[in-house]
Amino acid sequence: MAKDPTQKPVLLSGIQPTNNLTLGNYLGAIKNWVKLQNDYQCYFMAVDLHAITTPQDPKLLAERTYRVLATYLASGIDPKQAMLFVQSHVPEHSELAWIMTCFSTMGELSRMTQFKDKADKEGKHIPSGLFVYPTLMAADILLYQTNLVPVGQDQKQHLELTREIAIRMNNRFQTELFAVPEPFIAKIGAKIMDLQNPTNKMGKSETSKGTLFLTESDDEISKKVKRAVTDSGSDITYEDSKPGLKNLLSIQAALTGNPIEGIVASYRDKQYGQLKVETADLVVNAIRPLREETERLMKDRGELDRILKLGATRAREVAHTTLEKVQELLGFVRPMGS
Ligand code: TRP
């Protein structure tokens, strides 16, 4: 598709409104997106269509969908700049996803490690939605001529497949139908690990003592950080062999924006206990205003709905243009005058 050279590169990402969001979602993703919104045309979604690949309680799904949006806003994403919307509000996602499914193969989808892991656990009863999940993700990305997708390690393979589908369709139709997206690796921003098992990524499991949810009280957060697992020894250093310390230092760096070396130096001759207490205070003070603003917005459904409608309307204009082009190339007829 013809490109306007004055246009900013397009950056897109989404979060599933399944569990409540964690400090990992905030520091690893959302907080960085805030800094990107001036330089990129950003699209940020709550991906409810992806969420239903596993069974969801309808009331909770609705509440969490609003909560993802409220958290984006409370974190400082500006709905006048970024497109903030709910995936299912733009029906082009489902429509293009079907077409993407027809342009991917069983072999490709069977190779996705996320699917393989789940299939190993669930066997034949695994929902088909989990199998075609990456084709929906490809549709999300390709509808907007996306150039950059900030993804974690677990989603890289899905992005790689998206690129292959884009290239395949561009070749088939001998035109630049889709921009071919690249992974966006943030220079700053951290991978936040589980406080109890610091070699694992901070997950979303409700019962985990090593996960910090953005909805938790000051007290709960403080306790969890102070109980974080640290490593043997007594010197505070930043190294792979000390994953517990590394995680706390990374959290501090991500929250303050200060370089790791400076933080490590400030702990020379100090004890693990002090690092934990100070990290706990930093996290509590960062999450408190975010939680309070999210709760305020959650009570203002009118405002959230207004923002969602606006986001979906703006996103749809772009999505529709791409989808129509695809349909035309495929030979789908469009009766005159409609
Ligand atoms: N699959 C992503 C995840 O689970 C969420 C997602 C859906 C996404 N569509 C996307 C991420 C498009 C980036 C771009 O984390």
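Phenylalanine 184 is buried in this predicted model, with a relative accessible area of 16%.

**Phe184 and Tyr40**
- Distant parts of the chain get linked here: tyrosine 40 is in the loop between α1 and β2 (41-46), while phenylalanine 184 is in strand β5 (residues 182-184), 144 residues away.
- Tyrosine 40 comes in at 17% relative accessibility, so it counts as buried, given that the cut-off is under 20%.

**The other aromatics**
- In total, the model has nine aromatic pairs.
- One of them is tryptophan 33 with tyrosine 72: the centres are 5.7 Å apart and the planes sit at 55°, so this pair is tilted.
- Tryptophan 33 belongs to helix α1 (residues 23-36) and tyrosine 72 to helix α3 (residues 58-75), so their pairing ties together parts that are 39 residues apart in sequence.
- Buried or exposed, these two? Both tryptophan 33 and tyrosine 72 are buried.

**Charges over rings**
- Arginine 301 has its charged end over the ring of tyrosine 66, 4.0 Å from the ring centre.
- Lysine 270 does likewise with tyrosine 267, its charged end sitting over the ring at 5.9 Å from the centre.

**Around the ligand**
- The residues around the ligand are Leu12, Ser13, Gly14, Gln16, Val47, His50, Tyr133, Met137, Asp140, Ile141, Val149 and Gln155.
- Sorted by class, that shell has six nonpolar, five polar and one charged residues.
- A ligand nitrogen is 2.6 Å from an N or O atom in the side chain of aspartate 140, and a ligand nitrogen is 2.7 Å from an N or O atom in the side chain of tyrosine 133.
- On the oxygen side, a ligand oxygen is 3.2 Å from a side-chain N or O atom of glutamine 16.
- How much of the ligand's accessible area does the protein cover? On its own the ligand has 360 Å² of accessible area, and the protein covers 88% of that.
- β1 (10-15) and α7 (128-142) are the elements that give two or more residues to the shell.
- Of the elements, α7 contributes the largest share, four residues.

Methods
Residues are numbered from 1 along each chain as its sequence is written. This is a predicted model: local features need pLDDT of at least 70, side-chain atom pairs count only at pLDDT 80 or more; totals for chains, interfaces and linings use all residues. Side-chain values use heavy atoms; hydrogens and water are left out. Rings of Phe, Tyr and Trp (its six-membered ring) pair if their centres lie within 6.5 Å; planes under 30 degrees apart count as stacked, over 60 as edge-to-face and the rest as tilted. Buried means under 20% relative accessible area, exposed over 50%, partly exposed in between (1.4 Å probe, protein chains only). A charge sits over a ring if NZ of Lys or CZ of Arg is within 6 Å of the ring centre and within 35 degrees of the ring normal. A residue is near a molecule or strand if one of its heavy atoms lies within 4 Å of it. A polar contact is a pair of N or O atoms within 3.5 Å; within protein, one must be able to donate a hydrogen and the other to accept it, and residues adjacent in sequence count only if both atoms are side-chain atoms. Accessible areas come from the Shrake-Rupley method with a 1.4 Å probe; for residues, only the protein chains shown count as cover. Ala, Val, Leu, Ile, Met, Phe, Trp, Tyr, Cys and Pro count as nonpolar, Asp, Glu, Lys and Arg as charged, and the others, Gly among them, as polar.
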